Amino acid sequence: MSRFFVVGDVTVDQMYFVSELPEAGGEITATRALMEPGGAGGTAATVLARLGNDVRIATRVGTGPFATLALRNVEAAGVDTSLVQRDERLQTSSITLLITPDTQRTMLSATGASRYLDSAELRREDIKACEALVMSAYSLVSGKQREYAVKALELARQEGLTTFIDMGTGAVNALGARLIGLIRGVDYLFMNEHELYSLTGESTISEAVAWLRDEGMQKVIVKVGEMGSIVITPELNELVEAFQIDDVVDSTGAGDYYTAAFAHGVMKGYDLLHAARLGNVAGALNTSVVGAQGYRIEPGVLDRLAEEMEAVGS
């Protein structure tokens, strides 16, 4: 069991399954609608705890039923919520998703209380008690939350924690290359191809990774969807094939499942290719159900499926 400190949003995901997106000014009827817990921080923390780790999360929520829903799975998984801040004025952050039959998601975010995570409440002892820091780059976008995230990263470096940062399209779009100054020196950096190219301004993975290395990023994990993921270090550049799922229902949270499972594998001492297999399996399994945190992952099942992948590939 490893001890993780997670910084990131917990949200309410308002999900609408639609046959097509409406035109500007138009109106459509959803075939299904529901609200589920979400957010990159909440999802990563939930998955890490379900995998048997000791996890604490730093985030900020409002009050009332939205806060209760946003924290439902986090609390059920046994995550330490003593560092969750409560905002009496602002609503818990939420995301509205329009999901089309091809599982593509169109999203509208309302940041709410998350952006006001107060760094004055972060103590060195909170970081020192952990072995690894997992952070969503959305925490670095703006406001008090960015101050908290930057402080947490610095304390994690000083205390020798292994650091994992998962990029996000919104964070890359908001900050661009300015993100580099905030995350330089992180141990593991995760992103998809679109984020990789947007961040670096390059047009190929090799050129983009070379650019990141020049900026001090030595271990980069690129998520390439149905192809799997690419693990890139100074000694390694290898595609780890995806775990195949026959019926993909909803891709919400798949990337967060990947990051959490990969971090879990690294902290258990697995080599990076096996950690990537764990990530591929976890991300794929979550696409078989609805919701960012819908799949109740079990360590034994995850390990077995990853080992079967390795056996088939050998």
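Analyst: Happy to! First, a word on naming: helices (H or I, at least four residues) and strands (E, at least two) are DSSP runs, numbered from the N terminus. This is a predicted model, where local features need pLDDT of at least 70 and side-chain atom pairs count only at pLDDT 80 or more, while totals for chains, interfaces and linings use all residues. Residues are numbered from 1 along each chain as its sequence is written, and side-chain values use heavy atoms, with hydrogens and water left out.

User: Thanks! How many helices and strands are there in the protein?

Analyst: The protein has 12 helices and 14 strands.

User: What percentage of the residues are buried?

Analyst: 54% of the 314 residues are buried. Buried means under 20% relative accessible area, exposed over 50%, and partly exposed in between (1.4 Å probe, protein chains only).

User: Now a loop. Where is S139, and is it buried or exposed?

Analyst: S139 lies in the loop between β9 (132–136) and α5 (143–158). S139 is buried, because its relative accessible area is 0%.

User: Which residues is S139 in contact with?

Analyst: Leaving aside neighbours within four places in sequence, S139 is in contact with V7, G8, Q145, R146 and A149. Contact means heavy atoms within 4.5 Å.

User: Where is L71, then?

Analyst: L71 is in the loop between α2 (65–70) and α3 (72–76). With a relative accessible area of 1%, L71 is buried. Setting aside its neighbours within four places in sequence, L71 is in contact with V10, V61, V84 and R86.

User: Switching to helices: at what angle do α1 and α10 pack?

Analyst: Helix α1 (residues 40–50) and helix α10 (residues 254–267) pack at about 45°, with their axes 8 Å apart. Axes are lines fitted to C-alpha atoms, for helices over the stretch in contact, and angles run from 0 to 180 degrees between N-to-C directions. The two helices, α1 and α10, are therefore oblique to each other. Angles under 35 degrees count as roughly parallel, over 145 as roughly antiparallel, 65 to 115 as roughly perpendicular and the rest as oblique.

User: Which residues of α1 and α10 meet?

Analyst: From α1 come A40, T43, A44, V47, L48 and R50, and they meet D256, Y257, A260 and H264 in α10.

User: How do α8 and α9 cross?

Analyst: The axes of helix α8 (residues 193–200) and helix α9 (residues 205–214) come within 10 Å and cross at roughly 55°. So α8 and α9 are oblique to each other. On the α8 side the contact is made by E193, L196, Y197, L199 and T200, and on the α9 side by I205, A208, W211 and L212.

User: What about T103, buried or exposed?

Analyst: T103 is buried, with a relative accessible area of 14%. T103 has a positive phi of about 70° although it is not a glycine, and its place is in the loop between β7 (94–99) and β8 (105–110).
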